[in-house]
Amino acid sequence: MSKEVLTIDLDWIETPRQEIEIISLCTHLFKQKVDTYFIKAHHHAYDLVPEKATLYNVDHHHDLCYSDQGTLEIQSGVMREGNWILALAMHKKLEAYTWIKNYDSDLQEKHIHNLYRILKKFKIYNSLKDLTVKKLSRLIICESASYNKNISLGRVYDTLLQLSQDLDVNAKVADYENDYAPIRIGGKNEK
């Protein structure tokens, strides 16, 4: 079984052209009946990524972890939106990672933890055209409304949700009491 997972954080969208690209990509995947999940904050993707997964992330932010404090949080069993990729790497869920970023996305050498250097594959691209997935097993779409810029991410999220329903995709919508609360990981409740 394929363990290739694509997450799309809608905060990647900075222009109307990128909005069209994301809607087109998702429509194509919906027609293939790819298992689809809708989430509001990106760290909720953690439980949706299977062990030893190849993860593709279309996102303005790398979510690799931005600070030493974020690393300490993961080590103490707390995960947030900006460090969930590190949590996947630390807890052996990640085999490979590809990030499709924007030209103005922030990436610094200190963000590239040694765990990423030993992955089977670790790639960073600037264009959706560079996304090459052999057999996608799961699609995760994240609204990230708190990162709204010039594009209404809520509108794009609702449009994609409606398209998934219109195309009869077995889409699931995650519902949490607090979408932005940190998540406890590493315990017996972890999937």
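Helix H1 (residues 16-31) is the top contributor to the lining of the largest pocket, giving 4 residues. Helices here are DSSP runs of H or I with at least four residues, strands are E runs of at least two, and both are numbered from the N terminus. This is a predicted model, so to speak: local features need pLDDT of at least 70, side-chain atom pairs count only at pLDDT 80 or more, and totals for chains, interfaces and linings use all residues. Residues are numbered from 1 along each chain as its sequence is written, and side-chain values use heavy atoms, with hydrogens and water left out.

**The largest pocket**

- The largest pocket holds about 220 Å³ of space. A pocket is an open set of points on a 1 Å grid over the protein atoms alone, where a 1.4 Å probe fits, with protein on both sides within 12 Å along at least five of seven lines. Points are joined across faces, edges and corners, and the volume is the space filled by probe spheres set on them.
- There are 13 lining residues (those with an atom within 4 Å of a point). Closest to the centre of the pocket are Leu25, His28, Leu29, Leu131 and Val133.
- Sorted by class, the lining comes out as 7 nonpolar, 4 polar and 2 charged residues. Nonpolar covers Ala, Val, Leu, Ile, Met, Phe, Trp, Tyr, Cys and Pro; charged covers Asp, Glu, Lys and Arg; the others, Gly among them, are polar.

**Leu29**

- Leu29 sits in helix H1 and is buried, at 6% relative accessible area. Buried means under 20%, exposed over 50%, and partly exposed in between, using a 1.4 Å probe and protein chains only.
- Setting aside neighbours within four places in sequence, Leu29 is in contact (heavy atoms within 4.5 Å) with Leu6, Val34, Leu136 and Leu139.
- Leu29 and Asp158 are 129 residues apart along the chain, and their C-alpha atoms are separated by 16 Å.

**Nonpolar cores**

- The largest nonpolar core has 29 residues, and Leu55 and Ile85 have the most contacts inside it. Such a core is a set of buried Ala, Val, Leu, Ile, Met, Phe, Trp, Tyr and Cys residues joined through side-chain atoms within 4.5 Å.
- Two or more residues each come from strand E2 (35-39), strand E3 (53-58), helix H3 (84-90), strand E5 (94-100) and strand E7 (136-142). H3 gives the most, with 6 residues.
- Apart from this core lies another, of 27 residues, including Leu29, Phe38, Ile100 and Ile141.
- Not counting residues up to four places away in sequence, the residues that Leu55 touches include Val5, Trp84, Ile85, Leu88 and Tyr97.

**Helix H2**

- Gly70, Thr71, Glu73 and Ile74 are buried in helix H2 (residues 68-75). They share one side of H2, because they cover an arc of only 155 degrees around the axis, taken from the directions from the helix axis to the C-beta atoms.
- Asp68 and Gln75 are exposed, on the face of H2 turned away from its buried side.
- Strand E4 (78-79) and H3 are among the things covering the buried residues of H2.
- After H2 comes Gly77, with a positive phi near 90 degrees.

**Positive phi without glycine**

- Lys52 is not a glycine, yet its phi is positive, about 55 degrees. Lys52 is in the loop between E2 and E3 and is partly exposed, at 46% relative accessible area.
- Asp63 also isn't a glycine and has a positive phi of about 60 degrees. Asp63 is in the loop between E3 and H2, and at 4% relative accessibility it counts as buried.
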